[in-house]
Amino acid sequence: MIAYVAVLLFLIGTFCCFKAGVKFGGIFSWLALISAFFVFILFFSGMQANTEDVFSFVWNSSPGGDMKIDIISNRYNYELVYPFFVITLLSLAGSKFLRLEKIGNIHSAVLIFNLVAIILMLTSNNFIQLLMTLFIIDILAFFIIKNAFVSRQYILMNIVADMMLFMVIAVINSRIKSLDIRQILHYNHIGFHTDFVAICGLTAIFIKFGFFVFHIGLCALKDIKLHNLINILFLFAPLSAMLVLLKFHVVWQNSPYFMPYLNLVCITTMCWSFWRCLSVDTYKAKIIYLQTMFWALLVELIRFSGFVWNAYFTSLIIVSYILTMSLYLFYYYSGRRNNMLQILNTSRYCKKGIISSCFLVLISVVLLSDVLYKIYNNSNRYYIWIFAVFYIISLSAIISQVCKYHDILRPSNFPIKFKWVVFIGFLYILSVPLRQVELTAVPVYAPSFVFLFCCLLPFGFCKKLYQVEWLQNLNGFNTLYTTLIYSAQLLGRFFLLLIDRVFIEKIVIRNSIVMTQSSLRTFRRLSGNAKSVLFILTLLLVLLWLSFKQGSGK
Amino acid sequence: MIEYLLFSLLVVPLLGCFFALMAKKNEYNTFNICIFTLLSNIVMILFLLSAINMEQSVFLYSFHWLRNIKTEITFGIDVNAALLLLSIYLAILISLIGLTHNQRKNKFEIINALYFLWNITGLILARDMISFYVFFAGQLLPVYMLLEISGNIRKTPMLYLFFIFNFASILCLMISLAFTYKFYNGNMLLAQISLADMPKRVAICIWLSACLAFIARIPIWPFHYWISSISATIKNPTAYTISNMLPLTGLWGFLSFWPLRHPEYVAKTIPLAVIFILLTMCFIALIGLAHKDFIRKLFSYSTIYSLFFVLSIIVLNEKYKTNMIYSLFIFMIVNSSMTTLNLMASEEGKEMRYNHRSILIGMPKLTRLLVFFVFIAAGLPISSMFWNNFVLISAIFRRSFVVGAWCVSAISVIGLALLYELYLMLDEQEALPDKSEIADISERKQIAFIMVIFILFLSFFDPLWFVF
């Protein structure tokens, strides 16, 4: 069934590729959305029926090995494909219904082709199919970004990561002597350069995720259109990195360095992204850091589940996408301004838009808390919970920064019906912790409480909505707000200035660029001189000899 | 039938050369003859490929040249040779598309190109020592002439160096073949040399001379300097493509001579050869990264891939020969297309007196084509080169992890260097004052390149799709 779905999607994508004018382009993308929706119904019915089948054919053959295309339909693959299908549909629908930006049919085609590539990657049983789809996703990202200058760092970093994965897979393939991924477990018995394979593979996926210290490529995208950025963050390189992790963890786990390295980078990324999300002053950069925090959180959660995908992760990723799309609305209603101060100044002129965005965000966060709670019950790791709280605090900080002026959330700005909807929404929020009251699970309620605490911090709204005397007299909230959010922001800005601007940007990056440029310049000059060439070659020879010696020792 | 086709394949370029000699100066006749020669030979190769592929064997054709002495000349063709020939013809055809009007009228250049074509066809079809040597030596003259006409005049000392190196390589091959002739009292088939039992000292002398001859053609350190200095100055796409085919002759030499089972005395030298190849690959990758010209990066790219194929021949067994040839087929076409497109853009920039950087901003059609070819060159999976390279690299890893790691590093570095340069050529910050003044690629040329893309794309599904 998944094979038919992939073929149908490919046909829809090809249909969308036809060059059409502005008018017909719009019609084409509508048709793409509708037909993709029908394909989704087909996919969903297959998922419900739980049909299992294998579609396989030899694409290309040679004495060195056959290249097969395998599409395996089973319950696990259905569950893996499902969230990304939904996200793609949401993205296609968002561009049409919300009229976010002028998006042509080519954009829809790229998204659909990307979904086909994801399906092929997920269901692959062949190393070459996996590698090909990995590269194709990066090429499609190039088409989505459009701006060649902006995409330079991102694409080059991703190609570096792809080449590293290419090398890792080639090493594995060289030992197991088969292109079949299912034979991968044999590699553990053979154990050839396992540490190299694990470290190189993990570094490659960290580059693709945009985790700390490899975040330069992803952060370079802060100048592209926000809806494209959201698509990149959810459907392109980070997603392919996660799928590679799910497929290759079996081999990488064999190395003693795997877990410490993964943990270290994920935890550092979460802390780093948290600070950056609070302190950075552009909206798109905030979204990027929020998302890297989310991916780091998800990787840790997947690790605790034994690298097995389950329905909670599906919900989590879909809710997170809805949440980010809701955050897009702030940007949209403030006239697509990127600077936080400008968003703050313009948001007061579009109060209803901002309020409705707030409402969407609230609902999404509640859903998020719910999913996180369920995952927490399975994993039972407290520090993950702390990072989940970090994530929600960052979200609420963004909302607080946008809606800093209390008058935006003044009840008089609400239509009467909307007040009721908001009221019911808040009741729902309050009901989340109350639904499963267990004294032992007190920390579980933390995100909902923290969220309530942070989001309702513009207390003018609370005071006006709930005419309670003690609430009217209470001024302590402002102090708490200042202590928790404002001082965190100040601290974040301080660290931003000290670590990011002074240390990383001015010292590490600047010096590494200068060193690379000067070494290249020196090399260029030296390569014209015979004596210098001899010196360089001797150096290379020594390096080669050392590596041969090291290699022969293993 | 195959005999006639084989004979025609060898004779048609020579006939084309004679016709071109008789054509009028400063007209397009010579160019048209060249195109006709190329197309007719391509059609013949396709017929041959179909015939050979059905039989799945090597077809040999022998005749006696001199009755008194043992000189049986043998020509032969198999799928690998036919594919290589096809890629050479396509590469030259692509480079001819990029010629300017003045270059198309240059009779002398095109005659040299045809003469080179005859020699390289002969070299690939040759299956015995003498004919192999004759065609190997015969390539020097046309390439030297082409470089002298199209290269930069200030680089004359380099040109002499080029001549000396290549002449030395011819002498080395002569020594090797003379020894073989003396010991076996006659002309031998190339395939028999590696199978024959030889005294150790003689064998070492023969193999060493032959390897030196081929190494001098492939720019392995310390023979790398002349070719890079000359190649960077060439502005004629055909001359550039032909000069870059010289390493291919060395590669073919290795492919024809390299023994299937390594005798002890050859096996001992393999690590040394591998170290030299890796050293050169890394050094040239660094040169490619450091230099600012796209053409130098292209040269580094072609050299690194030539060395990669040599490494595959030396390290891997017969099983991977097909993968190597499939990869080589795509590499030749891609390299020629990139060079031609780049030289076309440079020519336009030179006419408009603009800097080469950011010139692609004003040429959207040419940009799309160049991006496609650079993507293939950088190792992205758009053609069958990707997965053939994967199979080869995996096999190299199987033999030695360190060799594989260095090899992948060199290939990745040069791929990234090409991509980075492409981005610089698309840099909007250095955009031209008036883009409308620049002429983009013409529709005819665009269609020709789209056909090339079509060939590459279909090869992704089946490398021999054109064989019926």
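This is a predicted model: local features need pLDDT of at least 70, side-chain atom pairs count only at pLDDT 80 or more; totals for chains, interfaces and linings use all residues.
Residues are numbered from 1 along each chain as its sequence is written, and chains are lettered from A, with ligands numbered from 1, in the order in which they are written.

Start with chain B. It holds 21 helices and two strands. Helices (H or I, at least four residues) and strands (E, at least two) are DSSP runs, numbered from the N terminus. Of the 468 residues of chain B, 65% are buried. Buried means under 20% relative accessible area, exposed means over 50%, and partly exposed lies in between (1.4 Å probe, protein chains only). Contact means heavy atoms within 4.5 Å. Among contacts in chain B with a separation of 6 or more, 81% join residues 24 or more positions apart.

Now look at where the chains meet. Chain A gives 53 residues to the contact and chain B gives 51 residues. The area buried between them is about 5100 Å², and carbon and sulfur atoms give 80% of it. Buried area is the accessible area (1.4 Å probe) that two parts lose on being put together, summed over both. On the chain A side, the elements that give two or more residues are strand 1 (53–60), helix 5 (127–145), helix 6 (148–176), helix 22 (476–526) and helix 23 (530–553). Helix 6 of chain A has the largest share, 17 residues.

How many salt bridges cross the interface of chain A and chain B? The rule finds zero. A salt bridge is a side-chain nitrogen of Lys or Arg within 4 Å of a carboxyl oxygen of Asp or Glu. Three residue pairs between the chains are in polar contact, both residues at pLDDT 80 or more. A polar contact is a pair of N or O atoms within 3.5 Å; within protein, one must be able to donate a hydrogen and the other to accept it, and residues adjacent in sequence count only if both atoms are side-chain atoms.

The whole structure has seven salt bridges over all chains. One joins K208(A) and D162(A), at 3.1 Å from N to O. K208(A) lies in helix 8 (residues 194–209) of chain A and D162(A) in helix 6 of chain A, so the pair ties together parts 46 residues apart in sequence. K208(A) is buried at 1% relative accessibility, and D162(A) is buried at 0%. D138(A) joins these two residues in a network of salt bridges. Another bridge links E79(A) and R75(A), with the closest N and O atoms 3.6 Å apart. Both lie in helix 3 (residues 75–97) of chain A, four residues apart, about one turn of the helix. R75(A) is partly exposed, at 33%.

Chain B has a bridge between R127(B) and D78(B), at 3.5 Å from N to O. The two sit in separate loops, 49 residues apart. R127(B) also touches G76(B). That glycine lies in strand 2 (residues 72–77) of chain B and is buried at 0%.

Move on to helix 6 (residues 129–138) of chain B.

Rings of Phe, Tyr and Trp (its six-membered ring) pair if their centres lie within 6.5 Å; planes under 30 degrees apart count as stacked, over 60 as edge-to-face and the rest as tilted. The count is 49 aromatic pairs over all chains. F209(A) and F211(A) have ring centres 4.7 Å apart and planes at 5°, so they are stacked. F209(A) is buried at 1%, and F211(A) at 0%. Both belong to a cluster linked by ring pairs, including W295(A) and Y321(A).

Conventions:
Side-chain values use heavy atoms; hydrogens and water are left out. Lists of a residue's contacts leave out its neighbours within four places in sequence.
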